[in-house]
Every structure is written in structure tokens, then in C-alpha cells.
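Open the model in your viewer and keep the selection panel at hand. The stops below run from the whole chain down to a single residue.

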Amino acid sequence: MSDDLPLPPISADIQRLAAEAGFDLAGVAGVADTPEHAFFPRWLAEGYGGEMKYLEGRDDAGELKRASLASAAPWARSVVVCALNYNTARPYSTHAGNSTQGWISRYAWGKRDYHNVVLEKMRVLEAHLLALCEQQQMAAPRTWCYVDTGPVIERIFAKYAGIGWIGKNTCVLNERLGSWLFLGVMLTSLELAPGLPPADRCGSCTRCLDTCPTNAFTAPYQLDATKCISYLTIEKRGAIPQELRAGVGRQVFGCDICQDVCPWNREAPLASAPEFAARPQLVNPDLEWLARMGVDEFRQAFRGSPVKRARYNGLRRNVVLAMGNSGDERFGGILHELSRDEDEVVAEHARWALERLKSREA
Ligand code: SF4
Ligand code: SF4
């Protein structure tokens with residue numbers, strides 16, 4: 001936008017309103033399609049989205065909703081993107097506990113599901129925005145807030161709103177806060193002044209690409225989600241492909257490795273939102289505790305937690321895999337028990353884990 005033109009009303013207020021709602025960062029993106037949007041249908045066509053069928057939602061004309069806002073929300077004129085830091089004090093997954101412990105992704109350590117926490121703050125922002133419009137005697141704009149559930153690719157709009165660049169590990173990276181960021185989005189019919197995408201500061205670094213244990217990156221900035229441990233341990237139902245099991249290591253829910261090795265996260269400040277304070281049991285969780293958990297204890301332990309998304313038997317499948325990858329022969333007994341589990345997927349993974357323990361002994 002030219003310096004000579006006045007900013008559309010409200011534009012200068014967005015960051016203040018977002019900060020008052022509790023966000024660490026906020027910005028505005030335009031609604032035009034971007035090169036990243038053009039890449040999305042090709043990425044899907046390659047099969048890199050795996051079983052995440054919700055990514056393939058189409059409008060009445062058969063167009064992919066996530067490939068263009070013109071299809072998903074033709075009334076929208078601006079996209080407000082907010083970010084909330086969820087960084088916790090160590091540890092890093094790259095130094096994860098001992099052989100009896102697994103790894104749950106950092107974003108799931110808190111007491112509450114981040115979707116709810118971020119959406120609540122987005123609703124506060126929305127209410128403040130509408131109040132300001134009323135104060136300025138503007139017509140009430142249309143707004144639509146969501147966190148991960150809407151037909152937009154949040155990362156792309158975060159980039160164009162100036163929140164951060166999209167790193168080679170495909171995460172949004174902010175120079176000051178790193179990549180431990182939850183994103184919330186509000187589409188609005190208000191015309192607001194868009195920000196500028198920040199420069200890509202990855203430079204010649206390739207740490208994330210080099211460290212990924214399942215080689216999930218097909219190229220810098222390109223992820224084959226079907227090989228990513230986050231997908232395998234959370235989204236994938238049924239058996240985890242044999243060739244990827246060893247690479248999953250002791251990750252039982254998600255994976256933080258390509259963010260833990262990123263130099264931009266090394267000095268990232270800690271989150272101030274109390275909802276994201278880690279529950280100690282979930283940091284390097286005890287594998288036997290997870291494996292012996294009954295369904296009621298699972299529901300209780302993970303009430304309101306994103307871990308529920310893996311489902312009870314999905315988490316147990318991941319846990320027996322982690323036991324096999326631990327190299328710790330003390331897990332032989334429980335794996336024998338679980339190799340006869342009534343859930344055939346858990347039982348088959350337990351048999352695989354026993355074989356893996358044996359092969360590491362040899
Ligand atoms: S989250 Fe883990 S498995 Fe997925 S790309 Fe990053 S390092 Fe690889
Ligand atoms: S590890 Fe290096 S290449 Fe990967 S996202 Fe971070 S800075 Fe970029």
C-alpha cells in the first residue's frame with residue numbers, strides 16, 4: 001500500500017486489539033491467491049496428504065476450498081492472523097529422557113486443548129473489533145474465526161500477514177519467537193491494510209532436513225506428510241508402514257525434532273499463557289504407564305487434551321512401537337502380553353516390537 005494513501009479504518013488497531021486479547025503476534029493478509037496456494041493441489045495430487053481427507057474439501061463447483069479463498073469465502077476482504085507462543089522450558093526431544101520414556105509433542109503438554117484456548121482469544125478479538133466498528137459508526141463487518149478447522153491454510157496467511165516466514169521445515173518462523181506458535185485466523189469482510197511477508201531467514205541451514213528420522217522432506221519447504229511422525233502417530237489409523245516404524249523412535253504423539261533442532265528456537269522466549277504450562281507427566285512420559293492405561297484412565301488423563309485425537313488404541317499402538325525402538329529388553333514382558341491384545345493392530349505392533357528388541361540384542 002502506498003505511503004500516500006490513508007490506511008483503511010481500523011487497520012492500525014488490529015495489533016493492539018490482538019495484544020489485548022492475549023496474542024503475542026498479529027497481522028493482516030490479503031485474500032488473493034499466492035504461489036503457495038497454487039502448490040497445494042499439486043501437493044495433494046502427489047498423495048502427500050495421506051488419509052487427511054478433510055484437506056480435500058471441495059466447493060459446489062468442485063474447486064478445492066483450501067486452494068483459494070475466492071472459493072471458500074468469496075465475501076472475505078482480509079485475513080487477520082494471530083499467533084500465540086506455546087514455548088515451554090526444555091527439554092528438547094533430541095535429548096528425550098531415557099529408554100523407558102517416550103515423547104509427546106510439546107504442543108500437547110498443557111492442561112487444555114490449544115484449539116479452545118486460541119479460539120476463545122480469537123472471539124475476544126472479534127468482539128473488540130465489532131465494538132470498535134460500532135464506535136466508529138461503521139456497518140458491522142462479517143467475521144469468521146477458527147483454529148485449524150476452517151478451509152484455509154493458516155501458514156500461508158501467517159506468512160503474508162507478516163507473522164513469520166515459512167521455514168524449510170514448513171513451519172512458520174518468527175525471528176523473535178521462533179516456531180512454537182499456535183495460529184488463529186479471522187476472515188472478515190472489512191478491508192484492512194495487509195502486512196508484508198518477512199524475509200526467509202533459513203539461509204544455508206539444513207538442520208531440520210538432515211535430522212528428520214523418517215526422511216519426510218521431499219525437498220526444502222516440502223513435506224510428505226505420510227512419512228512424518230506427527231501424521232503417523234496422530235492421523236494415521238491402522239498399521240504404521242513397516243519401513244517407517246524404526247524411524248518413529250520413541251515418539252508416541254507427534255514429533256518436535258525438526259523444530260527442536262532449529263537455531264531460531266534456541267533463544268525463543270517462553271510462553272506466558274498459563275494454559276500451556278507443561279503437565280509433568282506428559283513430558284517424557286513413562287511408556288509402561290501409557291501401555292498399561294485402561295480406556296477410562298486414558299479418557300481422564302487426556303480430557304481436554306489434543307492427545308485424544310490419536311485415540312486409545314492408536315496411542316497404545318504408538319507406545320508398543322516406542323518400546324520396540326527403545327532397545328530396552330525390560331519391555332519384553334509387557335510386549336509379550338500386548339502381542340495377544342484384543343486390538344489386532346496393537347498386537348501386531350507388539351510382535352514387531354519384540355522382534356526389534358531381539359534384533360538389537362543380537
Ligand atoms: S515433525 Fe518429525 S517426522 Fe515430521 S518432518 Fe519434522 S522431524 Fe520429520
Ligand atoms: S532448521 Fe534451519 S533450515 Fe530448518 S527451518 Fe530452522 S533455520 Fe530453516
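**Two domains**

Colour domain 1 (11-88 + 108-188) and domain 2 (207-361), the two domains in the assignment of the chain; such bounds come from an automatic or database domain assignment. This is a predicted model: local features need pLDDT of at least 70, side-chain atom pairs count only at pLDDT 80 or more, and totals for chains, interfaces and linings use all residues. Residues are numbered from 1 along each chain as its sequence is written, while chains are lettered from A and ligands numbered from 1 in the order in which they are written.

Now select the contacts, meaning residue pairs whose C-beta atoms, placed from the backbone, lie within 7 Å. Domain 1 puts 31 residues in contact with 35 residues of domain 2. On the domain 1 side, β2 (78-85) and α4 (114-135) each supply at least two of the touching residues. Helices (H or I, at least four residues) and strands (E, at least two) are DSSP runs, numbered from the N terminus. This side of domain 1 divides into 13 nonpolar, 13 polar and 5 charged residues. Here Ala, Val, Leu, Ile, Met, Phe, Trp, Tyr, Cys and Pro count as nonpolar, Asp, Glu, Lys and Arg as charged, and the others, Gly among them, as polar.

**Ligand 2**

Select ligand 2 next. Its shell draws residues from both domain 1 and domain 2, so the ligand lies between them. Of the 13 residues around ligand 2, G167, C202, C205, C208 and C262 come nearest; a residue is near if its C-beta atom, placed from the backbone, lies within 6 Å. By class, the shell holds 8 nonpolar, 3 polar and 2 charged residues.

**Helix α4**

Go back to α4. Which of its residues are buried? Select Y114, V117, V118, K121, M122, L125 and L129. Buried means 20 or more other C-beta atoms within 10 Å of a residue's own, exposed 12 or fewer, and partly exposed in between, with C-beta atoms placed from the backbone. Look down the axis: the buried residues of α4 fall within an arc of 130°, so they line one face of the helix. The arc is that of the directions from the helix axis to the C-beta atoms. They pack against α1 (14-20), β2, β4 (143-146) and β7 (181-188). The face turned away carries exposed N116, A131 and E134. Just after α4, Q137 takes a positive phi of about 55°.

**Last stop: L270**

Find L270 in the loop between α9 (257-260) and α10 (287-292). L270 has 12 C-beta neighbours inside 10 Å, so it counts as exposed. Leaving out residues up to four places away in sequence, L270 touches N87, T88 and A89.

How values were computed:
Two residues are in contact if their C-beta atoms, placed from the backbone, lie within 7 Å.
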